[in-house]
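The sequence and structure come first.

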Amino acid sequence: LHAAAANLRRMAALRRAVRASRPHLVISFLSTTNVLTLLATRGLGVPVVVSERGDPRRGNLRRAWRLLRIATYPLAFRLVAQTEEALACFPGYMRRRGMVLPNPVVLPTLHRGETQKTVAGVGHLLPVKGFDILIEAFARCARAHPDWRLVIWGEGADRAELAGLAGRLGIGDRVELPGLSGAPGAWLAATDIFVLASRHEGFPNALLEAMAAGLPVIAADCPIGGCRALIESGTTGLLVPKEQVDAMAAALARLMADSRARRRLGEAARLSTRAYALPHIMQRWTALALAAKASCRRRGS
């Protein structure tokens, strides 16, 4: 009851804010916020775009929120998902208002020095990111490639467990957990192979950034298709089955041993990400906003 009352207060505050600002369009992100926004703007004549950021089948949504999502999403002007697979999670009557809009990529200025023979992973140190899989895969390649090291950037509850795993596998001295990068994207300049070993991902920004920076990449083919949308396996990167340590280790060994393949995949990856440049993605969001505004005019709003 306390939570319900708090959400009613949020809805009332949001409704007042929308009325005061008189927007042409409201854009909402994340499931519970989407539901509250659609309820708060009911009857105001303002089009609302809701955006799902991740796998709609996962998350910690309680049953009541899932039912509210089913009931309210048809009220939205558009339902935006990051991949076709994410959009396909919704029933047909919702998909008719759906569209796919991926994230953009904005790269900092990079000053890459000489190769350091570094494999990198980036993200919260949590089970969903699969860093345990990455450490095990690296351990299987470590003896054959003694001049390579693994650096995992990020913070999280699994730090001690991951460090312990590296120690038990005999590679504690070759696995680094430096925490957060000193500046956004600074880790890119010190990386030679980027690996995304996640068990689940929405649209993986770190993977997109690595590809745009011209790094060779290896990614697990995890739900909901974000990695598959970015990588043409063997051409712009290597895609491996999720949670398959052997496959991840084989891909790592292949790239560690072949500098020519690393350069080829990295350059192809860089060229493939041009469609995700910020101006292109913002152009699509602008077109969506203009369509919503035109819809209001047709309805006389």
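The side chains of Asp55 and Arg57 form a salt bridge, with N and O 3.0 Å apart; the term stands for a side-chain nitrogen of Lys or Arg within 4 Å of a carboxyl oxygen of Asp or Glu. Asp55 is buried, at 12% relative accessible area, whereas Arg57 is exposed, at 56%. Here buried means under 20% relative accessible area, exposed over 50%, and partly exposed in between, with a 1.4 Å probe and protein chains only.

The model is predicted: local features need pLDDT of at least 70, side-chain atom pairs count only at pLDDT 80 or more, and totals for chains, interfaces and linings use all residues. Residues are numbered from 1 along each chain as its sequence is written, and side-chain values use heavy atoms, with hydrogens and water left out.

**Salt bridges**

The count of salt bridges comes to 13. Three of these pairs are listed below.

| Pair | Closest N to O distance |
|---|---|
| Asp132 and Arg199 | 2.9 Å |
| Arg270 and Glu267 | 2.5 Å |

Asp132 and Arg199 are joined by a salt bridge. Asp132 lies in helix 6 (residues 131-142) and Arg199 in the loop between strand 8 (193-196) and helix 8 (205-212), so this pair ties together parts that are 67 residues apart in sequence. Helices (H or I, at least four residues) and strands (E, at least two) are DSSP runs, numbered from the N terminus. Asp132 is partly exposed, with 23% relative accessibility.

Arg270 and Glu267 are both in helix 11 (residues 259-272), three residues apart, or about one turn of the helix. Both are partly exposed, Arg270 at 32% and Glu267 at 36%. Elsewhere, salt bridges with shared partners link Asp132, Arg199, Lys242 and Glu243 into one network.

**Arg69**

Arg69 belongs to helix 3 (residues 63-72) and is buried, at 9% relative accessible area. Its side chain makes a polar contact of 3.3 Å with the side chain of Glu52. A polar contact is a pair of N or O atoms within 3.5 Å; within protein, one must be able to donate a hydrogen and the other to accept it, and residues adjacent in sequence count only if both atoms are side-chain atoms. Beyond neighbours within four places in sequence, Arg69 has contacts (heavy atoms within 4.5 Å) with residues including Ser31, Val35, Pro56, Phe90 and Met94.

**Nonpolar cores**

A nonpolar core is a set of buried Ala, Val, Leu, Ile, Met, Phe, Trp, Tyr and Cys residues joined through side-chain atoms within 4.5 Å. The largest has 34 residues, and those with the most contacts inside it are Val119, Phe138, Ile193, Ile218 and Leu252. Helix 6 supplies the largest share, eight residues. Ile218 touches, among others, Ile193, Val195, Leu238, Met248 and Leu252. A second, separate core of 24 residues includes Trp153, Leu208, Leu215 and Tyr276.

**Largest pocket**

The largest pocket holds about 1000 Å³ of space. On a 1 Å grid over the protein atoms alone, a pocket is an open set of points where a 1.4 Å probe fits, with protein on both sides within 12 Å along at least five of seven lines; lining residues have an atom within 4 Å of a point. Grid points are joined across faces, edges and corners, and the volume is the space filled by probe spheres set on the points. Of the 44 lining residues, Arg53, His124, Lys129, Glu201 and Gly202 are the closest to the centre of the pocket. Helix 8 gives the most to the lining, with four residues.
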